[in-house]
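Here is a walk through one structure, taken a piece at a time. Keep the view open as you read.

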Amino acid sequence: MMGNNPYILLFGLGFALFIGGKSWRRRKLKRAVRDLPTRMQRALGDEPNYDPPEDLPEGLEPYAALHRRSRRVMYGVWAVAFLWLAYALVLVLRKQVL
């Protein structure tokens, strides 16, 4: 029954966007941390977030900027996912009301 429902695909796409944004950021940060020297890697937070410290050591500024940019991109993708899920929910509710 649920396999024939096109609304499942709409909701699945929203969840895929949500998970895809998060995994993209993890991969991006993991790659950036791998390229840092060991001394700078130890200054970062735990995996998977790799948060930079409050007082940035010299040379870690580019990583901190990447960390902020990747967070903004992830939140943007999440916003699109939530808008898509809201749209799909409106379609489902509209069909049930009519």
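This is a predicted model. Start with helix 1, which covers residues 6-34. It has 29 residues, and at 1.5 Å a residue they should span 42 Å.

Now look at which residues of helix 1 are buried. They are Tyr7, Leu10, Gly14, Gly21, Arg25, Leu29, Ala32 and Val33.

Some of these names return in the largest nonpolar core. That core has 10 residues: Leu29, Ala32, Val33, Leu36, Met40, Leu44, Tyr50, Leu60, Tyr63 and Leu66. Helix 1 and helix 3 each give it at least two residues. The largest share, 3 residues, comes from helix 1. In soluble globular proteins, nonpolar side chains tend to be buried together.

Take Leu44, one of the core residues. Setting aside residues up to four places away in sequence, Leu44 touches Val33, Leu36, Tyr50, Asp51, Pro52, Pro53, Leu60 and Tyr63. There is also a second, separate core. It has 5 residues, among them Tyr7, Leu10, Ala88 and Val92.

Finish with His67. Where does His67 sit? Its place is in helix 3, residues 61-97. Is His67 buried or exposed? Buried means under 20% relative accessible area. His67 has 2% relative accessibility, so it counts as buried. Leaving out residues up to four places away in sequence, His67 touches Arg25, Leu29, Asn49, Tyr50, Asp51 and Pro52. Two of those contacts, Arg25 and Leu29, are buried residues of helix 1.

Technical notes: Residues are numbered from 1 along each chain as its sequence is written. This is a predicted model: local features need pLDDT of at least 70, side-chain atom pairs count only at pLDDT 80 or more; totals for chains, interfaces and linings use all residues. Side-chain values use heavy atoms; hydrogens and water are left out. Helices (H or I, at least four residues) and strands (E, at least two) are DSSP runs, numbered from the N terminus. Buried means under 20% relative accessible area, exposed over 50%, partly exposed in between (1.4 Å probe, protein chains only). Contact means heavy atoms within 4.5 Å. The expected span of a helix is 1.5 Å times one less than its number of residues. A nonpolar core is a set of buried Ala, Val, Leu, Ile, Met, Phe, Trp, Tyr and Cys residues joined through side-chain atoms within 4.5 Å.
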